[in-house]
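Hi,

Here is the structure I promised to pass on.

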Amino acid sequence: MSLDAKIPQGPLAEKWSKHKFNLKLVNPANKRKYDVIIVGTGLAGASAAASLAELGYNVKSFCFQDSPRRAHSIAAQGGINAAKNYQNDGDSVYRLFYDTIKGGDYRAREGNVYRLAEVSVNIIDQCVAQGVPFAREYGGLLDNRSFGGSQVSRTFYARGQTGQQLLLGAYSALNRQIHLGKVKMYTRTEMLDVVLVDGQAKGIVTRNLKTGEIETHAGHAVLLATGGYGNVFYLSTNAIGSNVTAAWRAHKRGAFFANPCYTQIHPTCIPVTGDHQSKLTLMSESLRNDGRVWAPKTVETAQKLQKKEITAAQVKEEDRDYFLERKYPSFGNLVPRDVASRNAKEMSDEGKGVGTTGLAVYLDFAEAIQRLGEDTVRAKYGNLFDMYYQITDENPYKQPMRIYPAVHYTMGGLWVDYNLSTNVPGLYAMGECNFSDHGANRLGASALMQGLSDGYFVIPYTLGDYLATIGPKPVDKNHPAFEKTKQEVIAYNNKLLALKGNKTVVEYHRELGHIMWEYCGMARTEEGLTHAKGLIKALKADFWKNAIVTGENDEVNAALERAGRVADFIELGELMVTDALARRESCGGHFRLESQTPEGEALRDDDNFAFVSAWEFKGEDQEEELHKEELIFENVKLSQRSYK
Amino acid sequence: MNLTLKVWRQKNSQTAGKFVTYKAEGISEDMSFLEMLDVVNESLTKKNDEPIYFDHDCREGICGSCSLYINGHPHGPKKAITTCQLHMRTFKDGETITIEPWRSAAFPVIKDLGTDRSAFDRIQQAGGFISVNTGGAQDANAILIPKVVADEAFNSATCIGCGACVAACKNASAMLFVSAKITQLGLLPQGQPERYSRVQAMVAQMDEEGFGNCTNTGACEAECPKEITLTNIARMNNDFFSAKLFREEGVHDHVGGE
């Protein structure tokens, strides 16, 4: 099967405008005859639900949280990029496009990324109109800051909680449509399967998390905006509830899963303290604007720091290695995330890590506090410093922060074409749950941009084309496919509930996380990945024999919810390893030790791997089949990424 | 450290609940409060007992899911943090900790420590928005907003909708929550056209949900993890009375020129 990305022909800057003109429209009077199902209420899901309802479609919106406002977009801290060039510092749509393609290590589509950069400017306008309180300067204009991987200040922010403010904006637009009766909202409802009728997505099966009831919902199209799968690593910066289940079940119904091995490890997180830890806390990358990353120059000094024989302040300037500034003089501490993370890991691997575990490097604000004063630093980063203090009991105004990389974002996801349609007609994927725009590494402040771009400005156009094609005839909910899929979900849940072994689901999850982090984390090898694949297969078999799932279906049952999600993570984990094995090159967040430059940077193999890997599910315990979508670069020249 | 927990267990909203005592043993000071509960739940699961249900998600103090009433305080004894950010080093070895769900008629218990806070969503749906469709916005910098105004609107916008204010209030009033949204939108120029209809719609919905009224005791402000201030309530009252006296749509219900 050949994958058609449906990138419009013509010059880069005209593709989206021309495409919008060529898309079919749905007559205003006909829009109310269509039902659209949207799963997930983060930035992509909420903005799509609101925008499609405004156009006149009947929207059914679903989230597993108790309120749509709690989707994990809310936790994004740093900011959102837009090519506004308000700072007159040389930014443009083309530059944002170029930075994003380069930052993604040339593994994203030109057409998609250009469109993302193009609509970025509209996003800011839209959010301000909704009352999102972005940071402002004294003259009343919007403020910007710079972010990793870019040399212009194009990041809009709302203190350290840009995600919450943008999500509350989208949530308010969603609320307005709920109020107007155009969106029917289902909270505490988890999607467990997609219903296909003659190969087209026509509905979903859900579980009501309060009553346990398994229900079906019909619609002319199903849009997934269900987030990323970082929790496959057990420890990540994702929320505890973030999961791959909706996307994975869609995958098992035929939707291709693209680039699963592309995961982003964020450099500035609070280090792990012990096995009890349930999640990792990220601190915004904006900290790297003023904080300086360093490790001691010698292993000896590092050991003294680890044993707390000396403090960081006692390490003399000449005994410190500001390794990012040393190795990358032009970007310094602002190199992209993958580069910063890998370097921190390298320091720790060489024995120069700090903290009791030795798995950390310093992020030091002493110089910034001296230059700007403590008050200015507090105004910029106060909430992040407080958060760090709460968690570690260490005062970052007095001693440097300890940071270590943590899993943060997944660039891979459901394969979609330029219209955000998966290969299953009628099934769409938006935001982090698709794979489309970030290539092998996402730049800071680009996730919020992509989620809102997909939801506000792409799907309202592209979905109309599909709906106009299929026509407004109501979906027949009595089609046997609905009942059949529902019964399959019930049977699967009963299988989970029958598990009364001796090992908790959380233990399986933690074990999976260890395997993924060890063999499919920041550095990957043929040997390690092959070994991991065996381990995961064994883990899966063991799970279905020895896991414990307490309680019944017909009640609030967090154990059952978690069990289903972990079972899906185990299967996804195997696919990630398979993908990482197949990609015998390094690119962005995917670092194969066998493929590096003499300086230890990721070495791509453009001749053999300039493609998107799209995996097709072939049945339980079968190897998945790889389909390749070649990436065509007409505008940028592929080069070794350099931030030196 | 070893602790004794008195935990509210309740099967669902129809069943009566009761306190059940558990031992939490081998707890590390570095654990968050929720991680301590994870440990207890793991041991319950191993015994094939039903784990304690509590709402939680981001575990970094921003999603507003976690909602435990710990030793008589929403989100526990420390100021300006949520339960998920409360660490066990705050407690003493051997201590007995009482854990309850949010208490308010408008927040019925769904199970154990989890409550139904959808009333908050319905209040927001009644008017907590600016009526602007996607696509029609002017350039963002065309609206100048003084930094102090933007900052103050932001302060109100930091509310995470957790409901601690309601849980803390002897009247189970939701006025801190409602006033935060009204203040955010009421301060900004974008929010002016609907300022008075918004406050009326949201207050009406708040009353319908069964929340109590404010008697200015200030417990909400003291317990709010995001330090939303009582000033918000004053602003809301001001707008509400202005709307009633001068702005109510009925008062001006005539068509110009007729």
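Below is what I found, starting with some ground rules.

This is a predicted model, so I kept to its cut-offs: local features need pLDDT of at least 70, side-chain atom pairs count only at pLDDT 80 or more, and totals for chains, interfaces and linings use all residues. Residues are numbered from 1 along each chain as its sequence is written, while chains are lettered from A and ligands numbered from 1 in the order in which they are written.

Chain B first. Its secondary structure comes to 8 helices and 7 strands; helices (H or I, at least four residues) and strands (E, at least two) are DSSP runs, numbered from the N terminus. The C-alpha trace of chain B spans about 75 × 40 × 35 Å along its principal axes. Of the 258 residues in chain B, 52% are buried. Buried means 20 or more other C-beta atoms within 10 Å of the residue's own, exposed means 12 or fewer, and partly exposed is in between, with C-beta atoms placed from the backbone.

Now helix α12 of chain A, residues 374–392. A straight helix of 19 residues would span 27 Å at 1.5 Å a residue, but α12 spans only 20 Å between its end C-alpha atoms. (The expected span is 1.5 Å times one less than the number of residues.) What does α12(A) have centred on A:Tyr381? A kink of about 85°, where the bend at a residue is the angle between axes fitted to the seven residues ending there and the seven starting there. The buried residues of α12(A) include A:Tyr381, A:Leu384 and A:Tyr388. Just after α12(A), A:Asp393 takes a positive phi of about 65°.

A:Lys6, not a glycine, has a phi of about 55° and is found in the segment before α1 of chain A. A:Lys6 is partly exposed because it has 13 other C-beta atoms within 10 Å. B:Asn216 has a phi near 55° and sits in the loop between α6 and α7 of chain B. With 8 other C-beta atoms within 10 Å, B:Asn216 is exposed.

Last one: is A:Ile265 buried or exposed? It is buried, because 28 other C-beta atoms lie within 10 Å. A:Ile265 lies in strand β11 of chain A. A:Ile265 and A:Tyr404 are 139 residues apart in sequence, and 9.6 Å apart in space, C-alpha to C-alpha.

Cheers

Methods: The expected span of a helix is 1.5 Å times one less than its number of residues.
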